[in-house]
Structure formats: structure tokens, C-alpha cells
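Welcome! Here is a short briefing to read alongside the sequence and the 3D view.

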Amino acid sequence: MSFLHNAGTVAKYEAVILRRSWFFRLFAVGALFIFTFMNIGLFSPVGDQPWELMSIPSTIPLINLYLLNIGQAIVVIFLAADFLRRDKKLDTNEVLYTRSMSNFEYVMGKTWGIIRLFLGLDIIILCIGLLMNIISKNMSIDILSYFEYLLIFTIPTIVFSLGLAFLLMSVIKNQAITFLVLLGIAALDMFWLWYRAGSVFDYMAFGLPVYKSGVIGFDNAGAIIFQRLLFFFSGIALVMSTVLIFKRLPQSKVHTSIAVALLFISIAGAAFCGFRTYSTLIGNSETRKRVTETNRLFENRNFPVVTEASIDLIHKGESVEAGAYLKIINNNSEPLNSYLFSLNPSLIVNKITAQGMDLEFKINNHIIEIRPLSVLLPGSYDSLKIEYSGKINEAYCVPDISNNLKDNINRIAMLNVSKRQFFLTGNYLLLTPETHWYPVASLNYYPSNPARIKIDFTKYTLRVRSAKGLVAVSQGKRISDSDGFTFTPESPLTGLTIAIGKYRSDTLKVDSVTYIVNYIAGNDYYKKDLTELKDTLPNLVSGIMRDLETSFSSRYPFKTLSLVEVPVQFYSYSRQSTQTRSEVQPSIILVPEKLSTLENAGFGTRFKSQKKRMARNNQVITDKELKIRLFNDFMRENFISGTNTIFARDNRSEDIYTEPSRYRLGPSFYFYRNNFYSSEFPVINAVFESHLQHLLQQGPRTGYLSMFGSLSEIDKANLILRTKSFSELLAENPKGDTIRVVLGVKGDWLFNLLRSEAGIEDFNKWFRKYCEDNEFRSVDIMKFRNDLKERFGFDFYPYLDKWFNGRQQPGFMFSGLKVNEIVVDERSRYQVTFFASNPEAVPGVFNISFRGEGPGGSGRQGRPGAAGFSPEGPGSGQAFMQGRGMEASDIEKIVLLEPLESKIITLITDRQPRAVIINTLFSRNIPGEINMPVGDIIRTRRNQNNVSSAEKIVSSSDTNDSGDIIVDNEDPGFSSGIETIEAPLKRLFGITNRRSKTYMQVGQWNIPEYWQPVVQTSYYGKYVRSAVYKRAGSGDRPITWTAKINVPGYYDIYCYVGKSNDRRRIRTDRGGGPGAPVVPEGEQEESRFKDFHYKVYHDDGIEEITFDYENAEPEWNNIGRFYLSKDTAKVVLSDQSSGRLVIGDAVKWVRVE
Amino acid sequence: MKIEICGLNQIYPNGNHALKDINLELGTGMFGLLGPNGAGKSSLMRIIVTLMKPTSGVVLVDGLDIQKHREKLRGILGYLPQDFRFFTALKTWEFLDYSGSLAGMKNRKERIAEVDRLLDQVGLLEVRDRKANKLSGGMKRRLGIAQALIGNPRIIVVDEPTTGLDPDERIRFRNILSQLSRNDVIIILSTHIVGDISSTCHGMALLNKGDLVFNGSPENLVKQAEGHVFRMNLSPHEYDIVKEKYNVISTVPVENGWEVQIVSDETPEFRATAVIPNIEDAYVYYMEHKLQAYIID
């Protein structure tokens, strides 16, 4: 009792003293102020109420304590410092030290005093959050989570921080050094340690995923508990160490013994929890390694194809029991001596039977190797039953990911969320095909070729039994009876998904498709928000589906489309074998609970804010119309065309890119419907998928990606492919969006090749039918090759070897663009002619479209009758889709140029073109999209009935034979000086800046202080149309062009101005489609590029020339005539300017005769 | 109740021998520790109040070794350190409450009553809600003594309590201590101000450079100086001679010269009259003459 009294007394007055310290007051007042405003701003009815935070009630305590915890972890360091500072002034504390209390009581009292002070502050801030939670009508309240997060964040962080601070103060005894060490540790956690070694260093839970679902609660309660206890115990151990080395003579042997015991118990506890935390990570990586190694053993073996599967599943709390009856066929050319299946390694196979007889089988980790009763001949069928039970091993599902938490980060706002591949609890179950919860006749990962995939189209029948009150959701027609649920097949599927939970459902049948929304009881908030849409919903849904079908040139292949609400922690990793994420399954989309992370899902809030905005702008719109708009936005942004922005940074580079929304319905139109496979080119399915599902973003970057200076996806891919072949790149398993953009470019190239020879319309029509005929079937690429050859007489297969294994890229040069206005059949038409050559040793394909004059602006023109719905749609922010998908309606012509071939291209168009846009697809050209503005149009009024689009092979190549000397910034004669501006600290830690990127575009901010190469179609260059630019400086970083003069004489010197005289469309995120207003391109840069200062070195000395870039003409501008003798000529551009930027491109010396 | 100090030595890591074989016995009442700065008073006190462990020797309280029974000793101890500055964030009463609570007063009501009683006793009741940084120097010392007294300690150790106090405060302080000394408590008063001892202490020790050079009653100390303190009236010229030759205790200017008081083993010239020494005279005599002789021996 005396312990409680003494420690309580110390705690009480320590708390009083700290509470009255100016530092704590400042922190507390600041925190109260900030958090009150943050809570009001985010959660109150007058706040923003972002749906991703509003949808799940535990977010309020989570975000409050997450942020507060970071502040506290730092503040506690300063407050704990007081511990030593005051104790060092011996006379002050000696009056207390001579009192009858033990050191244990004193230190514990101090610790508790500080903890309770922070707890008090946290509770006050939580109360503010709770108040907002109560008054915000859109949110439910999860009161338990308020306590849970207090235990997760506050207690372990403060105990650990205090313990560490106390001990360091006692040992180091130098306040300044201790501060530095402690702040360093805090900073290290936030910037470097949190994602390493599976969170074992993350003492403030900075990156620990602790998001709590409203459906299943914490998905990783064990992991959270162990990780937090690790720091709680470590903190206690540090506090006990402080007790033992405390500079006061001890008085109680009992308390000293307790402190020693607690020290050892805490160390043991911390070691155990640390081991558990770390071993989960190690265990996961070992599982992945094992899976990969096992797969390696089997990747060259033949697997059967499962045509039918009937699965009985019993959901038994945290495990399952199942029997799978499988009908298989041998589609291989050789007989099968054994049947191979993959099954999640945590599921134990109990028995395998066929025709009532037990079959022998071997288990190798997750591979079941079954000896059949007899050899299965090619084309023969067999059936067998596999009975198994157990749990699911998550690491198995994604064998090729890293353990680093930072890779593939899953965040809601700033909060890390777990990346669960399945759920298996007493109240909830979610198993996707990726978990291999039933025997699958393929490998989940092919180590020697990660892009490979084997797809079976199987008819699944599923019978499910689970606890009372739980409802099963899966593909197929559902029948429920007293025994459970039965799902009978409606169409063959590539995989089966099962979810069991407290599901309710709403059904809507439109046209031939049944739409089902499976929501967790109580989560159907949207019904209230979109009540008015009830009667128009069928029309809206039907419209969206029709648009999708048009866009993908095929009908929706399934009878149902279900949205299934799943816990927010469900996450799919990107894979190399497919761009389809596991959120989208055949006929099912797994959406996060309460649609929390989906774009535009907060209908109520959006309705209010849009209504207000419209009222401000005097726009009149009915509530219903507005809700229709919101609904359409929601559907398009998530299921049709949305993108997510990814910020990625590793030690070597930083990157920002967009990837398609993972909920897009595209896979329903190819990946889950058709399959093309090739043993020689295993990437073929991924390439078809990328092209046919429109996964590559065409055209230059828009929105803030362009402001960051990001390159277009095509350019990014072509730069990657400069040094390595497609197959080499795949083997490297690169991070980020590399695979996606490369697949996109390669896919577009392949399909453009096919169309170039078969004809755009004819190929599209034929291919559409081909896919329909082969719906739910796997097609060997050799069969496709033969069928295509038979139809069009063109064999694409010989091109594939270089396409897949070749390192070389084609390169295109274009020149001599002429446009004549001619009369054909009494109609005025335009004949466009230009010269194109491919001087490289590999064949190349490019496509051509026009930007034309027309009503409403200068949108790209499409071929008549071919215009369809763009999957991006108006308002998606992506205006171009040249050469992509089956409905690339804007392409006039696709041209194949064999190695070293040159052609004169002639095209006839009805509308007056303003520019010719060439997409060079896979090539050395950067930027890959070349905009050739049309200058003067020559009118030929003669009737020319026999003119048509044509390609004529010519022998000449386009070379500069004029004798002019041109030095471009890509040439050896150009120098941008030495760049040594990296800070020593940055170099020490290996931090690099954006200079690691080869090319960029001129950005809006973060303008480099060094000469950064940038690309734009209007710049000068052979393949790479580049220039270099930097922020205007003091003139100490000039760039130089030098050339060898062979013939002395007078030379006119020109500098290249990479300005386009074209007008370009403003693309905005909203309504930036055709018809948007235009501004001259130059005007945007007007204020940024002004006076440039050149120095020309000539025989009479150096001439300084001020060049008015702002008002200069595009392309070559004469800066003077000088006499140059036989020597090296030199032109220097200073980085000094009154404008913001300086840009340098090419310099030309033209001899004056 | 008694404190026995046996063979106490304190040697600091820097080699400073702060206490040299100290043997003392203290009974109830007030005991004065006198000595110049650096004599070892504070070291001795810090050992007695268990802030420090002696290099050797023991301190026994009623026969119990305080190093082995720290809990017991600290339970009956009140301590006022030399440079007492307490947490400025606390109010006067709060600090006393803190001390009282740690002194074992668990009942809050009784504790608060005691706090107020003590505040009244030291004349701080009016400022009970005032924060420490708003108290004057004297008030702070009074609060210091109040905290040393809370919880009815049986041993009170006060280190240089009157330093920096004005005469009124000092008298008031002495009175508080002498009142306390009537109870069955041991008060150890360490000071280099001799006057603090004379009026109140029944026993005293004189420390010099770690040695115990005198242990006895103040009267004994005074007695040793009897016949060695002289007063004389001197002309300025004579004064210069006397100043060179003798230890001058006090000098008062008078008409045509100075009235000077000196200590000396023999009767000096210059019309000197022996006077009855007080304790200060005795201290000077002792330190300057007895001790010199002792060192020479």
C-alpha cells in the first residue's frame, strides 16, 4: 500500500509540475487547437467529411491518436529531460530523496505522472473527436476503438520514449547529446525504420497497419498486440534499468528485487514479442521462398485443365473443411502420368479418390501430385475428388513480393492499412482464387517467367455451410436451403470466390444482366443518399453497361454482376502475369466496406457541396439530375476509367505515376472471357490484356503529373526498353509501373502491326468475332496465327521473336509534310503527304491521326462511323487513345516500316487537318507522340478522282546533306558542364534527386537547378526531341555548343526555339474532352521564358547577344553572321535571365556563300 | 534517542578526504556543527540523511546502522539542505503537501491541517496559495524549515539555514528551532555563523578540514577562551602595530582612535583589559590559536 501511496504522490505532483511547465502547456494548447480544428474540418457537419475517413467510424480515434502520438513521442523527450535536469540540482530534490520512499516508487511515480498527463490530453482530444462523431450524422460510433487506439498508440509509445529518455539521461548525463540521440531515434523511425524488419523498430507505430474494419475489426490483432507489447516491455525494462542505476541510495531490498525481476520479465517479454513480430516476417519470406522453389520444380511439368469443379465447403470458425470434385481434361500433347494441382499449403489434403478408390498422392509444399488409376491420354477426361481441411497461408498467395512495408503501400489518407489476401474468422470469410482455397491445376507463380499464367475456364458448383445467420456470396445462381447455400454455374469462370458474412443483397435486372449488391447489414448508406435514383437506376446502369460494351467491342459475358462488400483491409498486389487485380473477379467486384476508398462514394457530402457550388455559380440543376451525375461519376471513376496516383520512392529514384483503378470492369471483357497462350512467348496473354483492356495511358501527362514533369507512359516504356529486351525486363521483375507501361507499349505495337497489314476495320471486325467464338476458351497463339494468316494472308509470328527477345528499337524520322486541298468527286478534300523512314535494323510500326479544324475546337478527328464511347469518357482527363483498344477510332492509318525502309505516306481526309499526330509506339523516338503542325495548304482545284491513301517505298533516306553544321543537345559537341550540387548529407545517405531521370517534361514546379534534359515534340532532335532547361541562375552554369569548322568563311548562326506554333487543347480533369477552349501553347510559357544570353565565339572575339525568346519564331532563329576561321566554333548560353527558366536546344552554323 | 557516529571517513573520488575518522555522539536537543567552508559539515550531514554512503565508519541511530536501515531513518527524518530551491511550479501549500505525503501522512484531511498549522507556525499562511517563485528569500527558507518539520520528524537536519536571512528572519528561525529542540528530537544544525549556535545548542562540534577539532558544549568552547580575549583603546599608530601582532576580532572607531578586541594567549601591551568572551570570540580563539598549536604539535 505504501508503494501506491508514495508512487501516487510522486505521480500526482510530477504531473502538476509538468502540467504547469511552459513546454507542456504550449504543446497541449497547440495540440488542442490543431486537433479541434482538424476534427471540425474533417468530421463535423461543417467540415469536408471525406468519405474515406467518414465511412469507417474507427478512423476518428485512429487519425487523432496517430498524429498526436507522433507529437507526443517527440515532446516526451523534452519533458523527460526535465527528469534529469531537476534531479541534477541536488538541493531541490534532496528534500524528497531523504523521504522514506524507494527508488522504485520514485521512478515509477514519475513515469506514471508523465503518462497520466499525456493520457489526459489524449482523452480530451478523443472527446473532441467523439463529439464530432456524435454530431456527424453520417457516422456510426465505435466507442471501443477509442480505448483500443489509446492502448495501441499512447501507452507503448510513451512508456518506451520515457524509458529510453530516462535511461539515456541517466547514462549520458549530457542533456544536449541525449536530446540529439532521442530526436534522432524518433526521426529515424519516421523516415527510415518504420518499414524495415517487419516493424520491429517502429516504436511509435508510425507505419504499423492498425486500421480497424467495421466488419471484422482488427485483421491482425495478434501482430498489433505483439508489436506494441514489444515496446511496452522495452519501455518497462528501460524504466527498471533507470530505477536500478538511479543516483540515490536505495532503501528497499524488496523494491529493488521487484525492479530486477520486472527488468528481466520485461526483457524476456520484449524479446518474445520482438521475436514473434520479426518471425512473422521471416516466416512469410520463408514461405514465399519455399513456394517459389517448389514452383520452380514444377513449372515445366504438364498440368491438366479443370473443366468442371464441384466444391463442398464447410466454414468452421477459423478453418475450413472442403471436398472438391474435379473433372479434368488433358489438353497437353503428351499423356499425363500424374495430375498436378496447387492448394494453399495450410490446407491439409486428407483423401483423394477416383471412382470410389483411394488414389496415391504426394504433397510437396503446396503441390499435390496424384497418381491416377491410369495414364490420361491427350484429349481424355478424368475425374477425382480431393478432400482437405485447414487454414489459409497468406504469404503463399503472393510469392513474389518483398517484405518491405513500404513497397506496395496501402494507405487511407495517411494511415497504413493491412494488405489482407483473405479473411477467415468465425463471423466472416473471404477466399479469392488467388489463395488457392480449392485445388487449382496450375502454379500461382512461374519463377523463371513471372509473366506466364495458365488459365482454365471451369464450371464451378459450390455448396457452402456456415454458422447460422451468415450468408454466402459467390458466383453462379444461388439457392439457399436449410443446409446452406448452393451456387450453380452460369458460365465458365477462371476462378471462384466465396464470401461469407452478414450479407444482405439488393438485386436489379436490366437487359439480360442481373446486378446484385451484396452489402454487410447496415452498410447500405447509399440507398438513402440516392433515393431519387430508384426509378432511373435501370436506365443509368444499362447506359453505363452499353457504353462499356461499345468501348470494349464486346458484350458483357456474364449473366450477373455482383458488388460484394469486403473488409477494408482486403488488398490485391499487382502481378506480372496479369494487370487484373483480384478485387475484380469474374462477375464479381470486391469493393471495400462502405465503399470507403472508392472515388466519389460519399454521395451525401458530395451532393451538398456540389449543390452549394452550383448555387454560387447560379447553375440550375434538379436534385435528381445532380444525383444522376454523382452516380455516373462514381461508376466511371471506379469501374470504368478511374486512375490512382502512386508516389513511389526508393533509394535510387522517386516516381509519381498513375495506375488504372483496380476496380475497373475491363477484365470482364477480356481477361475473364478470353485467353491466348503461348509456350514460346508466355507474356502474350498479358499483352493482349493490356491492349484490349486499355491499360496504357496514351498521350502526354495531364493534370499535376505534367506539373511534376512526368513523361508520358509510352516514353517511359521506350526509355526502359532502350537497353534491354522485353524478356530481359520481365526476368528482372521491376518495381512500380514499369511492367504495366512496357506491356502496354508492346501490346499496342503488336495490335498495330496486325492492323497495319490486315486493315484497321477488317481486323477489328474479324477479331471481335474471333473472341466471341472463343469465349471462355483458351486459344493457343499458334492457332490464332494460322487463323489470322488464313483470313488475311499475313503472318505476324516471325515478328514476335525480335519483339520479345530483341534489344533494338526502331526509330522514325519524318519530314516533308505537305497538305494539298484537292477535289475528289466534286468534294473538297485534303491530301496529306510526308516522308517517313526507319534507319534502324528492326521493323517498326507507327500510326497516324489528324488534329483538325472543326466545330467546337481542335479535337482529334475520328474516322466517320467509327467514333465510339471512350472508356475514359468526357471528364476523365484523358483525351487521347490513339492506337489503343479495339475502338481506337481516331487512327487514320497504321504504317509498318521494315528495317532501313523509307516510305512516302499519302493520306486523304475530309476535314482540314491542323496537325498530323504520329504515335511511334515502340521506338527510339522520344517523345513517342510526334505532332507535325500543318503549315500552308496548297489548293489544287483540279478534280482528282483517282487519289487515295497510299504508301510508297522510296530509296532515299532523310539525311542532313545541306552542309549545315548542327549541334543538338544530344550530340557530343554539346556540354552542360559539371553538376555537383548534391548536398553532402544527401550523398552520405544515398538520397538522390530527380536527376536520376533521363528525361522529363518542363514542369510547373520543383524546377531543377541543373540542366535537366526535357522532351517535347517541338524540340529539335533526330529520335529524341529534347532540350535542356533549368531555373534561371546567376550565369555561372552556362551550356556550350562546339563544332569543327572545316571551311573558313562567314557563317549565319541559328539557335533552335522549341516552340510549337500549334494551338493545344487545355486538358482538365473535368470536361476536358473535345470542344474545350484552347490557348496558344506559347502563351502558357510566356512569362517563364524571357531573355536568353548567348555568347558567340568568332574570329574577332566574343559577341554577346541577348535573344528575345518570348517573341522568337518557332524553330531556327538567326542570331547573327560571323566570320569563322578553320577552328572550333563555339556558342555559349548563360543560365542568367529575367525570366524564370532558361532552355537550350540546338545550334546551327550555316555557311554563307 | 541518540546518534552515534563511529570512525566516519569520507574520501571523494578526486582524493579529497572530506571526513577523517569522525567520532561523535548526539543526544536529543539541538546540536551545532560549526566550521569554516570546506570543513566537511555538509558531507557529514549528507551521510547522516542517507544521501551519501561514507567511505568507512558507521552512523547509528538508537543503535541501528542507518545505511542498513535507510527506510526507518528516512521515515523519521526532516532535512533542509543548504541551497534549498523547490519546484517553482508548485504553490506553497502544495509543496508542503507533497512533502507531507511522502513523510507518510496518508490522510489527506490531516495532512492539509498539518500543512496549514506549519504554514502558520512559520508565518506563511497568508501566502499558502502563492507560487514559490513569488516568495521572498526569507519566506523560501521558512518554507524549507516547514517542509523539514512536516510529519513530526525525530531527527531534523538543517544545513546552513540562516544564510542570506535578515536579522529578524534569523531570530525568528532560531526561535522555531529552539522551540522544537524542547521536544524529544535531535536537531543537527550546521552553520558557519557562530551566532546561530550560541543561543540554542546544548552541544556542538567544530570541524576543520575534515577533522573533528572540538566536541562539547558551547560553554566549554567559551571557557577555553576565557582570559584570552582583550579589549583596548588604541591610537591609529598603535592600532597598526596591534593589527600586525594579534588577531583582531572587532574594531570600533572612537574619539582619537579605535576600540579594538583581540584574542591572544598572553596579555598584550597597550592597556588591555580582559573581557568575558562570547562564542564567536571563542570560535576565533579556538580556530586561530588552539588549532594552530594543535597543527604544530
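Chain B is divided into domain 1 (3-217) and domain 2 (223-296), with bounds that come from an automatic or database domain assignment. This is a predicted model, in which local features need pLDDT of at least 70 and side-chain atom pairs count only at pLDDT 80 or more, while totals for chains, interfaces and linings use all residues. Residues are numbered from 1 along each chain as its sequence is written, and chains are lettered from A and ligands numbered from 1 in the order in which they are written.

**The two domains of chain B**
- The C-alpha centres of domain 1 and domain 2 of chain B lie 34 Å apart.
- In chain B, 9 residues of domain 1 are in contact with 8 residues of domain 2; two residues are in contact if their C-beta atoms, placed from the backbone, lie within 7 Å.
- On the domain 1 side, helix H7 (195-198), strand E9 (203-208) and strand E10 (211-216) of chain B each supply at least two residues. Helices (H or I, at least four residues) and strands (E, at least two) are DSSP runs, numbered from the N terminus.
- H7(B) gives the most to that side, with 3 residues.
- By class, this side of domain 1 of chain B has 6 nonpolar, 3 polar and no charged residues. Here Ala, Val, Leu, Ile, Met, Phe, Trp, Tyr, Cys and Pro count as nonpolar, Asp, Glu, Lys and Arg as charged, and the others, Gly among them, as polar.

**Where chain A meets chain B**
- The contact takes 21 residues from chain A and 28 residues from chain B.
- Helix H1 (2-19) and helix H5 (90-97) of chain A each supply at least two residues of the chain A side.
- That side of chain A has 8 nonpolar, 9 polar and 4 charged residues.

**Chain A overall**
- Chain A has 25 helices and 51 strands.
- Of its 1153 residues, 48% count as buried. A residue is buried if 20 or more other C-beta atoms lie within 10 Å of its own, exposed if 12 or fewer, and partly exposed in between, with C-beta atoms placed from the backbone.

**Helix H16 of chain A**
- All 9 of the 9 residues of H16(A) (residues 684-692) are buried, so this helix is largely enclosed by the rest of the structure.
- Its buried residues pack against strand E27 (674-677), helix H20 (738-758) and helix H22 (781-792) of chain A.
- Just after H16(A), His694(A) takes a positive phi of about 55°.
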